[in-house]
Amino acid sequence: MSVVAPSRLTKLTKVRCNIFQTVYNPTGIRTGAKYLRARLRGPAMMSYYPPTLNISRVARMYPELELVDEDEEQRLQDIEDRKKRGKGAPKKAKTKEDGRRSQRRK
């Protein structure tokens with residue numbers, strides 16, 4: 001039985017890597033090639049869930065249908081009611097001085 005020289009085996013593995021388009025890595029260092037070769041998961045995850053439909057998007061796409069989003073109308077009405085009772089969001093400061101005044105009042 002004949003023994004093959006180690007130098008010939010390394011040459012053989014180099015040629016094999018060239019033929020099959022793999023990385024020659026004789027020391028076995030981690031390269032991350034396994035993860036780079038893997039298929040991307042994002043497109044599969046995105047296609048798993050069906051697209052969501054909401055009334056506001058459909059109303060914007062087709063204004064001739066004159067659809068009314070009742071939830072949005074209710075939200076706007078609630079905001080208006082809170083403002084009438086003085087419970088609405090405070091006005092935004094237009095200058096730095098306005099912002100300092102509102103902090104001093106507290």
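Is glutamate 66 buried or exposed in this structure? Glutamate 66 is exposed, at a relative accessible area of 68%; here exposed stands for over 50%, buried for under 20%, and partly exposed for what lies in between (1.4 Å probe, protein chains only). The model is a predicted one, in which local features need pLDDT of at least 70 and side-chain atom pairs count only at pLDDT 80 or more, while totals for chains, interfaces and linings use all residues. Residues are numbered from 1 along each chain as its sequence is written, and side-chain values use heavy atoms, with hydrogens and water left out.

The protein has six helices and zero strands, giving the pattern α-α-α-α-α-α along the sequence. Helices are DSSP runs of H or I with at least four residues, strands are runs of E with at least two, and both are numbered from the N terminus. The radius of gyration of the protein is 33 Å, whereas a compact globule of 106 residues would have one near 13 Å. This radius is taken over C-alpha atoms, and the globule rule is 2.2 Å times the number of residues to the power 0.38. Along the principal axes, the C-alpha atoms fill a box of roughly 100 × 50 × 20 Å. Alanine 5, in the segment before α1, has its C-alpha atom 81 Å from that of glutamate 64, which is 59 residues away along the chain.

The surface comes next. Of the 106 residues, 2% count as buried. The protein exposes about 11,400 Å², with carbon and sulfur atoms supplying 56% of it; such areas come from the Shrake-Rupley method with a 1.4 Å probe, and for residues only the protein chains shown count as cover. A nonpolar surface patch is formed by Ile55, Met61, Tyr62, Leu65 and Leu67, which together have about 490 Å² of accessible area. Patches are made of residues with over 30% relative accessible area and no salt bridge, joining like charges within 9 Å and nonpolar side chains (Val, Leu, Ile, Met, Phe, Trp, Tyr) within 5 Å.

Glutamate 66, in the loop between α4 and α5 (70–84), has a positive phi of about 55 degrees although it is not a glycine. Glutamine 21 also has a positive phi, near 55 degrees, and is found in the loop between α1 (6–20) and α2. At 73% relative accessibility, glutamine 21 counts as exposed.

The structure holds two salt bridges, each defined as a side-chain nitrogen of Lys or Arg within 4 Å of a carboxyl oxygen of Asp or Glu. One joins glutamate 72 and arginine 75, at 2.8 Å from N to O. These two residues are separated by about one helical turn because they are three residues apart in helix α5. In the other, the closest N and O atoms of lysine 84 and glutamate 80 are 3.8 Å apart; this pair also lies in helix α5, with a spacing of four residues, about one turn. Lysine 84 is exposed at 64% relative accessibility, whereas glutamate 80 is partly exposed at 41%.
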